[in-house]
Each structure stands twice: as structure tokens, then as C-alpha cells.
Amino acid sequence: MNIDQWYFTKDDLLETPTIIHGRTYEDEQLDRVKGCHFLLAVGARLNLPQLVVVTASTFFHRFYMRQSMTNYHVYDIASTCLFIATKVEECTRRFKDIVLACAQKASKNDNLQLKEDSKEFLRWKESLLHNEILVLDTLCFDLSVEHPHTSLMRFESQISVSDASIRRAWMLLYQSLGAPLCVLYRPSTIAAAALLLATNLSSKDRLNENWYDSLTDIDVVQAHELAAEMLEYFMDHYLVKSSTSQVNSPYPSQQTHHAH
């Protein structure tokens, strides 16, 4: 598969199918965030590892570079991408548990219980099964995903940086999943930007002036630009609107299944 087919320019983001169908850029970005937060919440409910959630969010952003939100609701596609990601990453859950988690998070009721022959259960079941084919076809069955987290772990062994900054960068990567960074930048650039931002947010930890010298695949200018974008995204979605919701947690696999 040609991995370059999944990288786009910022101008491309202004001409997505959703925008061509009459939505604004701002509306689409908000719905990308909404869809990813739904995906994260369902992933937390199912106690899925972070790897699965990151893979699913990548599928989600790629899908909407080729399909329109006016045709396919973000909750339906987000849940389907998560369903596919559990298979790709070999971390499956019982199908009925996935259906129930989707219904619970969509209704914002973690205590919701559904019988398998109920109208709502069948709607989610049919949505997942129908959209699975749609998503796979849209993605050209190209399900390989390289994660920024892998690059971040590699950086840890290549440059001098504290464990605290690595953890902070990991959290920033996770909290930025709602933004379509994965279709704009290479994983190593995203990881470098997160690490750069993490160390700048620290009062003690700073990268050396030539920190990038030992990294062979980093566009330093791009990393600095992206770090600024990530900071703006973080401030817009996490600092301005304080929330204790589980979708803000960098570690969904550690969430409990209690109602919020």
C-alpha cells in the first residue's frame, strides 16, 4: 500500500467532501473532535488499550478525507473505526459489549441496558456491520498505521530528556487525537512536536539547543510549527473548558466502568 495516499496539505482540509457539501471548515473540525471524543469514551468503557484507540482515530480522520459527514454521522463512523481497530490490533471485545458501550455513550447513560432484540441494540448492530464494509472500502483495506508514540519511545533513547517530559508528551499526543494531525504530518514529526511542547511546558526540563541533531527523520521547522498548533488545540479544548470526563484521560485502559 502507498502510505503517501494518506497525507494531505492544509489546503486539502479546506476542500474535504464535507466542506464541498456545504459545511464550514470550523464545523467539520468540531465534528472531528466530537467523533474522536466519542471514540475515546467508548474505548474507555470497553477498557481498550491506547494503541487501539489511536489506530481507530487514524482510521476516522482518513475516512473523512474521502467521505462526507453530511452522509455519515461521526458517531456511527467513530464506533465502526473502533470496532475495526480492535480486530487490527488483535484486542477484540464481544460484539454485544461494543454495541452496548456505543449505545451507552451516545445516550450519555452508562447504566443503560439493552436487550439484544431491542430496537436500539439492533440499530447499533446493523450500523456497525454495514459501516464496517463502507469504512474498509473507503480506506482501500489499507489498515497499516504507524503511531507517533512509537517514535516518541525511540526519541527517549536517542536524546537526553526526563521521564516526566516523555509522559507529558504521551498525554499531549493522546489529547490531540481529535485534530487531524495524522493526515497532515509524519508520525515522527508529531512525536517531536509533542516532546518539544512537553519540555516547554516544564519549568525544569528543556531540550538542548541542538536536540534534533541525533534524529535523522525530523523536519525541525515543521515540528516547531506543529508544537504551536498543538498548544493552541490544547488550550481550546482542555484548558478553557475544564472537564473531569473520562475522554480527557490519557490512559483509557485505566478507567473504571462507573457512571459519571
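Is Glu 120 buried, partly exposed or exposed? Glu 120 is partly exposed, because its relative accessible area is 34%. Buried here means under 20% relative accessible area, exposed means over 50%, and partly exposed lies in between (1.4 Å probe, protein chains only).

The model is predicted: local features need pLDDT of at least 70, side-chain atom pairs count only at pLDDT 80 or more, and totals for chains, interfaces and linings use all residues. Residues are numbered from 1 along each chain as its sequence is written, and side-chain values use heavy atoms, with hydrogens and water left out.

## Overall build

The chain has 10 helices and zero strands. Its pattern along the sequence is α-α-α-α-α-α-α-α-α-α. Helices (H or I, at least four residues) and strands (E, at least two) are DSSP runs, numbered from the N terminus.

The chain has 260 residues, and 52% of them count as buried. Its accessible surface comes to about 12,600 Å². Carbon and sulfur atoms hold 51% of that surface. Accessible areas come from the Shrake-Rupley method with a 1.4 Å probe; for residues, only the protein chains shown count as cover.

Contact means heavy atoms within 4.5 Å. Among contacts between residues at least 6 apart in sequence, 79% join residues at least 24 apart.

Helix H2 spans residues 25–45, which makes 21 residues. From first C-alpha to last it reaches 30 Å, close to the 30 Å expected at 1.5 Å a residue. The expected span is 1.5 Å times one less than the number of residues. H2 is largely enclosed by the rest of the structure, because 16 of its 21 residues are buried.

Glu 28 is found in H2. Glu 28 is buried, with a relative accessible area of 0%. Its side chain makes a polar contact of 2.6 Å with the side chain of Thr 16. A polar contact is a pair of N or O atoms within 3.5 Å; within protein, one must be able to donate a hydrogen and the other to accept it, and residues adjacent in sequence count only if both atoms are side-chain atoms. Leaving aside neighbours within four places in sequence, Glu 28 is in contact with Leu 13, Thr 16, Thr 18, Ile 19, Tyr 64 and Met 69.

Asn 47 follows H2. Asn 47 is found in the loop between H2 and helix H3 (50–63). Most residues other than glycine have a negative phi. Phi of Asn 47 is positive, near 55°. At 32% relative accessibility, Asn 47 counts as partly exposed.

## Helix H5 and its cover

Helix H5 (residues 95–107) has 13 residues. It reaches 19 Å from its first C-alpha to its last, close to the 18 Å expected at 1.5 Å a residue. Its buried residues are Ile 98, Val 99, Leu 100, Ala 101, Cys 102, Ala 103, Gln 104 and Lys 105. What covers these buried residues includes H2, helix H4 (74–88) and helix H6 (119–138).

Glu 120 lies in H6. Leaving aside neighbours within four places in sequence, Glu 120 is in contact with Ala 103 and Leu 114. Glu 120 and Val 99 are 21 residues apart in sequence, and their C-alpha atoms are 9.4 Å apart.

Lys 108 is exposed, with a relative accessible area of 75%.

## Aromatic rings

The structure holds six aromatic pairs. Two of them are tabulated here.

| Pair | Centre to centre | Angle of planes | Type |
|---|---|---|---|
| Phe 63 and Tyr 64 | 5.0 Å | 90° | edge-to-face |
| Phe 63 and Tyr 72 | 5.9 Å | 75° | edge-to-face |

Rings of Phe, Tyr and Trp (its six-membered ring) pair if their centres lie within 6.5 Å; planes under 30 degrees apart count as stacked, over 60 as edge-to-face and the rest as tilted.

Phe 63 and Tyr 64 are both buried. Phe 63 has 0% relative accessibility. Tyr 72 is partly exposed, at 24%. Phe 60, Phe 63, Tyr 64 and Tyr 72 form one aromatic cluster.

A charge also meets a ring. The charged end of Arg 123 sits over the ring of Trp 124, 4.6 Å from its centre. The criterion is NZ of Lys or CZ of Arg within 6 Å of the ring centre and within 35 degrees of the ring normal.
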